[in-house]
Amino acid sequence: MNHSDNRTVNRAWWKEAVVYQVYWRSFMDANGDGYGDLQGLMQKLDYIKRLGIDVIWLNPIYESPDKDNGYDIADYYQIIPKAGTMEDFRKLLVKVHELDMKLIMDLVVNHTSYAHPWFEESRSSLDNPKRDWYIWKPGKEEGPPNNWRSYFEPSTWTYDEQTGEYYFHSFAKEQPDLNWENAELRQEIYRMMRFWLDQGIDGFRMDVINLLAKIPGFPDTEWPEHIDYLGNNPGIHDYLQEMNREVLRHYNIMTVGEIPFVTPEDGLLYVAEKRQELHTLFHFQVADDMPAWDLDRYRHIQATWHDAFRHEGWNSQFLNNHDHTRQVTRYGNDGAYRVQSAKLLATMIHTLPGTPYVFQGEEIGMTGVDFPSIDDYQDIAMHNKYREALEKGGAPDQVLRELQPLSRDNSRTPMQWNGEQNAGFTTGQPWIQINPNYAEINVERDLAAQDSIYAYYQRLISLRKMHNVMVYGDFADQSEGEAHVYAYTRSLEEETWLVVLNHSDVQQLYELPAPWQDRFQHARALLHNYDGPPAKDKVELGGTCLQLRPHEAVIYSIID
């Protein structure tokens with residue numbers, strides 16, 4: 001009995017890969033200056049390889065004033081000294097390849113730093129040749145050109161006294177947006193991309209790549225606080241198709257676009273194979289629309305993206321990264337069931353359709369933080385929001401409490417390697433405080449325990465390498481109407497997997513759908529996040545119902 005939808009499976013290495021995100025400044029510090037660096041990453045490559053990782057995604061390492069932790073680039077061709085040197089990078093790339101892994105880099109081309117020489121030239125005079133490399137407009141009625149908000153500031157516009165005009169920035173004022181309408185600018189970007197690809201890197205994670213095109217005329221908007229007008233605008237696909245023709249198609253690489261505020265149908269326009277743009281994308285319907293766990297919402301998001309992508313698109317699966325709170329704190333239980341919950345979330349991410357991403361520390365169940373003072377936080381977006389809220393009359397303590405849960409610093413605290421000083425991350429003063437729970441939660445402890453979260457990730461990733469159904473299998477939800485249990489199947493040729501997840505702090509009963517009740521008697525548990533027998537051995541109610549413990553996760557294989 002074949003339960004797949006008879007799709008033609010177009011295999012690709014990047015579809016089968018598991019990606020590990022390295023936020024290098026918080027990963028491992030080799031020289032004691034308090035910042036992680038490339039040499040520190042080199043020291044830990046065996047740890048990443050041991051997990052089963054195929055691809056490392058490295059956050060920006062380019063020269064930068066570091067106003068937004070490297071996403072404000074001042075020189076695309078130089079390495080920021082905090083990270084190391086170009087020689088360090090080349091050694092890192094060689095070692096990654098020697099370990100049979102690949103390396104993709106962040107591509108940040110929606111904006112640069114205000115310290116980039118291009119912008120310094122652009123702002124020097126109204127008739128400078130690079131004036132049009134950025135977006136400049138005169139103000140109106142003693143104010144900005146329009147009423148748009150930026151992601152980090154109350155306005156997308158900052159006035160420049162030197163030339164008497166405003167420049168546009170989707171993020172902080174220190175990050176002016178590039179003008180992609182300028183063909184000369186686009187060719188300079190493509191030259192830079194070829195430089196890095198010719199170094200031997202294996203692709204790009206493309207930062208807010210859907211923001212490149214702006215709404216013509218920059219009209220006022222009725223709902224400025226929604227800020228979805230910053231992305232997915234007319235012309236964006238022309239730019240990406242040109243980028244593909246000029247650069248991407250000439251290399252055997254992986255491209256993943258960070259694409260906020262996108263629907264599944266519009267998302268497909270970026271990644272459909274016939275359109276020749278990107279391979280895959282990050283969307284943020286979960287991260288942006290689901291502040292806390294909401295099974296109905298999550299189930300709907302997964303179903304709609306799968307339905308849109310099932311024949312010609314490829315998705316990414318993640319619940320946390322350097323911009324979003326650690327998953328076990330935000331979407332799980334980081335207290336009594338931290339271990340089980342972390343394993344459940346991993347099971348879900350790695351068995352849903354798409355390429356799974358592991359954010360550093362996730363594999364040992366690192367948690368978010370609640371620092372007592374705004375001064376303890378480094379996140380520029382949080383500081384700007386805090387200042388804006390105080391200017392509107394907010395009470396400092398209350399504003400801090402409201403901002404803490406989703407602060408980007410929740411996921412940026414240093415990697416917890418051991419229980420020694422500074423969690424083994426640095427011999428110096430760390431650039432941001434260590435999570436106080438490092439003595440309990442650290443790599444050394446996880447590596448020493450057979451039933452650890454790290455060991456579970458190893459088994460989970462190993463399954464992906466052995467079973468194509470986990471990568472290419474069709475997806476079907478088997479839990480509609482369930483309040484706490486998420487269950488679904490992945491089917492390919494003669495093999496079907498049933499994944500059952502109790503996403504709650506109490507025991508749940510899950511009644512198998514009628515078509516599966518007889519077949520389930522022959523199911524075999526492949527992976528289970530509790531000690532002892534999985535739910536199949538506790539079947540009740542005439543063999544149709546599974547009894548699931550809190551945050552229990554099981555993967556069953558059913559062979560036809």
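The following legends describe close-up views of a predicted model.

**Figure 1. Helices α6 and α7 pack against each other at an angle of about 45°.** Helix α6 spans residues 183-199 and helix α7 spans residues 236-246, and their axes are 11 Å apart. The two helices are therefore oblique to each other. The crossing in which α6 passes α7 is right-handed. On the α6 side, the contact is formed by Arg186, Gln187, Tyr190, Met193 and Arg194, which meet Tyr239, Glu242, Met243 and Glu246 of α7. By class, these contact residues comprise four nonpolar, one polar and four charged.

**Figure 2. Three strands form an open sheet in the order β6-β8-β7.** The pairing in this sheet is antiparallel. Strands β6 (136-137) and β7 (157-160) stand at the edges; each has a single partner strand, so one side of each is left without a neighbour in the sheet. Strand β8 (residues 165-168) is joined to β6 by two bridges. Within this pairing, Trp136 has Tyr167 in β8 as its bridge partner.

**Figure 3. Phe282 and Tyr357 form an edge-to-face aromatic pair.** A pair of aromatic rings is described by the distance of the centres and the angle of the planes. For Phe282 and Tyr357, the distance is 4.7 Å centre to centre, with 65° between the planes. Phe282 belongs to strand β11 (residues 280-282) and Tyr357 to strand β13 (residues 355-359), so the pair ties together parts that are 75 residues apart in sequence. The structure holds 42 aromatic pairs.

**Figure 4. Helices α13 and α14 cross at roughly 145°.** The axes of α13 (residues 380-391) and α14 (residues 396-403) come within 10 Å. Their crossing is right-handed. Helix α13 contributes Met382, Lys385, Tyr386, Ala389 and Leu390 to the contact, while α14 contributes Pro396, Val399, Leu400 and Leu403. The contact of α13 with α14 has eight nonpolar residues, no polar residues and one charged residue.

**Figure 5. Five strands form an open sheet in the order β14-β15-β16-β20-β18.** As its pairing is described, the sheet is antiparallel. Eight bridges connect strand β15 (residues 485-492) with strand β16 (residues 495-502) in the antiparallel sense. In this pairing, Leu492 has Glu495 in β16 as its bridge partner. Helix α10 (residues 295-309) lies across β14 and β15 and runs at about 20° to β15. Helix α12 (residues 338-351) also packs on the sheet, where it touches β15, β16 and β20 (553-559), and its direction makes about 145° with that of β16.

**Figure 6. Helices α12 and α16 cross at roughly 15°.** Two packed helices are described by the angle between their axes and the distance between the axes. Here, the axes of α12 and α16 (residues 453-466) come within 10 Å. The helices are therefore roughly parallel to each other. Helix α12 passes α16 in a right-handed crossing. The residues Arg338, Val339, Ala342, Lys343, Ala346, Thr347 and His350 of α12 meet Ile453, Tyr456, Tyr457, Leu460, Ile461 and Arg464 of α16. Eight nonpolar, two polar and three charged residues make up the contact of α12 with α16.

Methods
Residues numbered from 1 in each chain as written. Predicted model: local features only at pLDDT ≥ 70, side-chain atom pairs only at ≥ 80, totals over all residues. Heavy atoms only, no water. Axes fitted to C-alpha atoms, helices over the stretch in contact; angles between N-to-C directions. Helix = DSSP H or I, 4+ residues; strand = E, 2+ residues; numbered from the N terminus. Parallel < 35°, antiparallel > 145°, perpendicular 65-115°, else oblique. Left-handed = near helix turned anticlockwise from the far one by under 90°. Contact = heavy atoms within 4.5 Å. Nonpolar A, V, L, I, M, F, W, Y, C, P; charged D, E, K, R; others polar. Pairing = 2+ DSSP bridges. Phe/Tyr/Trp six-rings, centres within 6.5 Å; stacked < 30°, edge-to-face > 60°.
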